[in-house]
Amino acid sequence: MKKSKIWPITKKEFLHIVRDTRTLLITFALPVVMLILYGYALTFDIKNIPVVLRDMDNKPLTRQLVEKFKSSGYFVVAARTDSFASAEKYFLSGKANMIINIDQGFSGRVLSGRTSELQIIVDGSDANTAVVSINYINGILRDFSKNIILKTIRTSAGVNSRAGADELFPINAKPRVWYNPELKSMNFLVPGIISMVLMILGGLITSLSIVGEKAKGTMEQLIATSIKPYELMIGKLLPYVLIGFCDVLLCVGVSVIVFNVPIKGSIFLLFVESAIFMFGVLGMGMLISTLADRQENAIILGAFTTMLPSLLLSGFMFPIENMPKIIQAVTYLVPARYFFTILRGIFLKGIGIAYLWPDTLMLCLFGVLMVFLASRGFKRTLD
Amino acid sequence: MLDSRLFHLIKKEFIQLTRDKRLIGAVIIAPILQLIIFGYVATTDVRDIPTVVLDFNRTSASREFTETFANTGYFSINYYVSNFEEEKALLNSGKVKAAINIPQDFAKDIKAGRSAEVQFVVDGANSNSASIILGYIQGITFDYSMKVLKDRFRNIGNVEDKINIINAKVRVFHNQTLSSTNYMIPGIIAMLLTLITAVLTSISIVKEKEYGTLEQLIVTPVKPYELMVSKMAPYIILSLIDVVLVMLVAVFWFKVPILGSIPLLFALISIFLVTNLGLGLYISTISANMQQTVLSVVFIMIPSMLLSGFIFPIANMPAVIQPITYLIPMRYFLTIVRGIFLKGIGIEYLWKDALLLSLLGGLIFTMAARKFRKKLE
């Protein structure tokens, strides 16, 4: 039997990569920097919203209410003012996101049980922060009202006065949060970072390496030798598989050791799924390289088909269920979607193949399709 | 004449650019497509949360309670199950994000004037959605309770009239519909501009390096600045075309309002473009090949995008990290674009950001130009 020529090609490609220290360094630094950013800096948790307070009533009750806002930790009083005009200025300069306006006679109305209104003016330009702030305000007002109402009921209606608040109120919601009880953004983002890094590495970097050889003419030299196309292909891809695995290990290691992200499921399954995903992504990189004749086209094609969809359409940054129906259908074509669901399932939910087989199947199909298309295109370019 | 040499160089770049039809297509069509897709995708609004109901009570009261949730539009009840195992399976598979568990004595407790405890389960994997869902749950439950209380005290003296809560009367400034699209689109424009200008300039220079044609140009009497200007000119024009196209899509397709001054917007966009060109130039001087270029762009762009306030508000970042964001040009640009688009404010509010952006842009550009000249000489 003839000795396989995969190994020498792999060795050659590996030397190329190792010699290019900066490329190698960035492939490892990128996931670490992103993890650190997400771990320390980036959070959806909204706290310390700067508020302008205009309290025209200024009675014990309103002061008590303001105290409730402050002690919730969600709001800080950035300024107090008597005029609306100056309050609005804070908005425009971005120094405050919200104005709380308490009119004269507010506490009188509340204490006599009449309908009372607390006026909230919110800067809606950041819609998410605005929605969350309004949610917080409503929550605080509900708790505050609840106590007043229960007092009214006790005194006026002669209901058993010893009953506690929870026993008098008709329905109490007891919410429980599963999978990520502390609601840490980090736990959610680690799987996304892993899939994005693999996507960039497999889709962009490999295709660039192949197109680069094509452009320099060294590919033709390789073809002129007795190396078979499949040997050339596998040989060129193997080093990237290795780097990909190192990146997965690095991400998992940093997130578990430094950031205490839990891995509830099987680590073995995590690596198997990563291998399947990489198989497809590398195939995609191959396919891009056969479609693009120049490196700049490979970059644009690669960025457009790998990086951006895996960032935006995988559910990583924006939940898929919130997208319009047509775009939701498009996400089924994005392999990162399946991989992300799988990773999240393994990391946070601790579920196994019993739940994950449909996504795994889709990943396998994607991989087979990509490699099939790529090898067909590859053969044609070589012949 | 010096000027004519520069002119011919610019012409050469244009010819090279127009020859590559695919690249032109990518530069013109890709941003529009991306804006359209991202415009729809980039939403943090939470609606139609897929929900499962596990009702141990099965009375008209419990049905009414769960229907209240469906009627708000925030929850869509897709499944009714009869035991915890089925509920858990639905949550595990991700088919539902929330569960409502109604206890057996729900109706009896309410009727007797006792408290009924309803348990909710929320999928917390996406922490942002989860905290919004938790807020909705508390709100809807509370409103329903108030209704029950009012019914209970309907015939007892004047108590019913005294049971009132403090309502928050919310008025929204600047983005009345609270659509996250309005907030995201200016950010997407900034991101696309950065990608196109920085990526394409650095690629076009590194390409000449790789093919060795840059060295050929150096031995000619072409001066470094002429080379630099001629390399950038086509991309300045292309990105300005992109700005106009993308803006048209934003205004006419997504109906994002531009409340402020359009000339001011374009003036400040130009400053941002120069900053990005400088960034692209800088990347090209430190990159030997395409792989390095792409990785450097990704390595610089992604963190700066994430720290600019595009998706994650800067105010929420820890105090140690916040100073770093002052070094990111996109931070100032986002404040400016959002201010002009949504708040309609002018230079009297934006001068600080405009000044800092100009300073930072000037700094990046001079640094890059210097490094580029040194490389060539």
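This is a predicted model: local features need pLDDT of at least 70, side-chain atom pairs count only at pLDDT 80 or more; totals for chains, interfaces and linings use all residues.

Q: In which sense do β4(A) and β5(B) pair, parallel or antiparallel, and over how many bridges?
A: The pairing of β4(A) with β5(B) is parallel and extends over eight bridges. In general, strands of a sheet pair through backbone hydrogen bonds, in either a parallel or an antiparallel manner.

Q: What is the order of the open sheet with β2(A) and β5(B) in it?
A: The order is β2(A)-β1(A)-β3(A)-β4(A)-β5(B), which makes five strands with mixed pairing. At the edges stand β2 (75-80) of chain A and β5 (166-173) of chain B; each has a single partner strand, so one side of each lacks a neighbour in the sheet. On average, neighbouring strands of this sheet are turned by 30 degrees against each other, direction ignored.

Q: How is β1 of chain A joined to β2(A)?
A: Strand β1 (residues 49-55) of chain A runs parallel to β2(A), and five bridges join them. I49(A), for instance, has F75(A) in β2(A) as its bridge partner.

Q: Which helix packs on that sheet?
A: Helix α3 (residues 60-71) of chain A packs on the sheet and touches β1, β2, β3 (98-102) and β4 (116-123) of chain A. The direction of α3 makes about 130 degrees with that of β2(A).

Q: Now the other open sheet: what is the order of the strands from β5(A) to β2(B)?
A: That sheet also has mixed pairing, and its five strands follow the order β5(A)-β4(B)-β3(B)-β1(B)-β2(B). Its edge strands are β5 (171-178) of chain A and β2 (75-81) of chain B, each pairing on one side only.

Q: What about β3 and β4 of chain B, parallel or antiparallel?
A: They are antiparallel: strand β3 (residues 98-102) of chain B pairs with strand β4 (residues 116-123) of chain B over four bridges. Within this pair, N101(B) stands opposite Q119(B) in β4(B). Helix α6(B) packs on the sheet, touching β5 of chain A as well as β1 (49-55), β2 and β4 of chain B. The direction of α6(B) makes about 165 degrees with that of β5(A).

Q: Let us change topic to the interface. How many residues does each chain bring to the contact?
A: Chain B contributes 116 residues and chain A contributes 119 residues. Between them the chains bury about 10800 Å², with 67% of that area on carbon and sulfur atoms.

Q: How many salt bridges are there between chain B and chain A?
A: There are two salt bridges between the chains. D123(B) and K349(A) meet in a salt bridge through their side chains, at 3.6 Å from N to O. Helix α6 (residues 127-152) of chain B gives the most to the side of chain B that touches chain A, namely 20 residues. The residues on that side of chain B comprise 67 nonpolar, 32 polar and 17 charged.

Q: And how many salt bridges over all chains?
A: The whole structure has 11 salt bridges over all chains. The side chains of E208(B) and K12(B) meet in a salt bridge at 2.9 Å, N to O. E208(B) lies in helix α8 (residues 180-211) of chain B and K12(B) in helix α1 (residues 2-19) of chain B, so this pair ties together parts that are 196 residues apart in sequence.

Q: One last point: where does G265(A) lie?
A: G265(A) is in the loop between α10 (229-257) and α11 (267-291) of chain A. Leaving out residues up to four places away in sequence, G265(A) touches I346(A) and G350(A). G265(A) and F75(A) are 190 residues apart in sequence and 38 Å apart in space, C-alpha to C-alpha.

How values were computed: Residues are numbered from 1 along each chain as its sequence is written. Chains are lettered from A and ligands numbered from 1 in the order in which they are written. Side-chain values use heavy atoms; hydrogens and water are left out. Two strands pair if DSSP finds at least two bridges between them. Helices (H or I, at least four residues) and strands (E, at least two) are DSSP runs, numbered from the N terminus. Axes are lines fitted to C-alpha atoms, for helices over the stretch in contact, and angles run from 0 to 180 degrees between N-to-C directions. Contact means heavy atoms within 4.5 Å. Buried area is the accessible area (1.4 Å probe) that two parts lose on being put together, summed over both. A salt bridge is a side-chain nitrogen of Lys or Arg within 4 Å of a carboxyl oxygen of Asp or Glu. Ala, Val, Leu, Ile, Met, Phe, Trp, Tyr, Cys and Pro count as nonpolar, Asp, Glu, Lys and Arg as charged, and the others, Gly among them, as polar.
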